[in-house]
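User: Please take a close look at the aromatic pairs of this chain and at the sheet around them. A connected account would be appreciated.

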Amino acid sequence: MAVKGITITVLLDNEVFLPGLMADWGLSLYLEVREGPRVLMDTGGSFTKLIRNAEALGVDLTTLDAIFISHWHGDHCGALPELLSFLGRPIEVLVPRRPGWTMAKRLARAGAKLVEAPRPLEFSPGLRSTGDMGGEHSLVIDVGGLGLLILTGCSHPGPKAVVQRAVEILGRPAYGLMGGLHISSYHEGLELGAFLTRAGVQFLCPCHCTGSMAKRGLQEAFGGQLIRCGVGKRILLDR
């Protein structure tokens, strides 16, 4: 089953898109699925910045239906215990595997209901985990007639491998890729941009751990629409 539409709001990123908001090394994306759940993908490392940006952007985190943690690095999950305490209620947290003992204990106290995804898992109609790819998983959204939207945390397994896994799981074309790409050089940007173009990807939004030189390479080689990320950026996809 595909979703009818989705709005993505960037709550934390290394750069600011709208003035007056707070940047931080990390990533947090707020997803509103039309006639579906509200999901936070990653929390960044600073709860203070997360909540202040959310409030400034009119995002009410108390209405979250689920939280998706791409991997257990502090710049992606550091604010999770405080966020759970702030919510004050049990909530499902999708993870690739269990965290270390200290984090697991903090999350249990805060009311997290960890849902592990060692293999591809549909946790809501149209929303899937790629499954654990070496300690990290990515979020794949089937947006009707458009194709697959793939959201990555840091792409540690490699963005090519993530895209290939998503397409393999669903047998649908990749429409968009957004998130940290974990590349820094101009050559890496050229190579990835060419691959995504061949794969038929139509829009790309590099965030977080994507270096400036890599972005230049992507801009030169990618044949689709390259979208600038940053705190406050909103993307609407409608099938």
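Analyst: **Aromatic pairs and the sheet**

Tyr175 is buried, its relative accessible area being 15%; buried stands for under 20%, exposed for over 50% and partly exposed for values in between, with a 1.4 Å probe and protein chains only. The model is predicted, so local features require pLDDT of at least 70 and side-chain atom pairs pLDDT 80 or more, whereas totals for chains, interfaces and linings use all residues. Residues are numbered from 1 along each chain as its sequence is written, and side-chain values use heavy atoms, without hydrogens or water.

Rings of Phe, Tyr and Trp (its six-membered ring) pair if their centres lie within 6.5 Å; planes under 30 degrees apart are stacked, those over 60 edge-to-face, and the rest tilted. By this rule there are three aromatic pairs. One of them is the tilted pair of Phe68 and Phe123, at 6.0 Å centre to centre with 35° between the planes. Phe68 belongs to strand 4 (residues 66–68) and Phe123 to strand 7 (residues 121–124), so this pair ties together parts 55 residues apart in sequence. Strands (E, at least two residues) and helices (H or I, at least four) are DSSP runs, numbered from the N terminus. Phe68 is buried at 0% relative accessibility, and Phe123 counts as buried at 17%.

Tyr175 and Phe203 form an edge-to-face pair, with 5.7 Å between centres and 65° between planes. This pair links distant parts of the chain, 28 residues apart: Tyr175 is in strand 11 (residues 174–180) and Phe203 in strand 12 (residues 203–207). Phe203 is buried, with a relative accessible area of 3%.

Arg128 has Val140 in strand 9 as its bridge partner.

Technical notes
Pairing = 2+ DSSP bridges.
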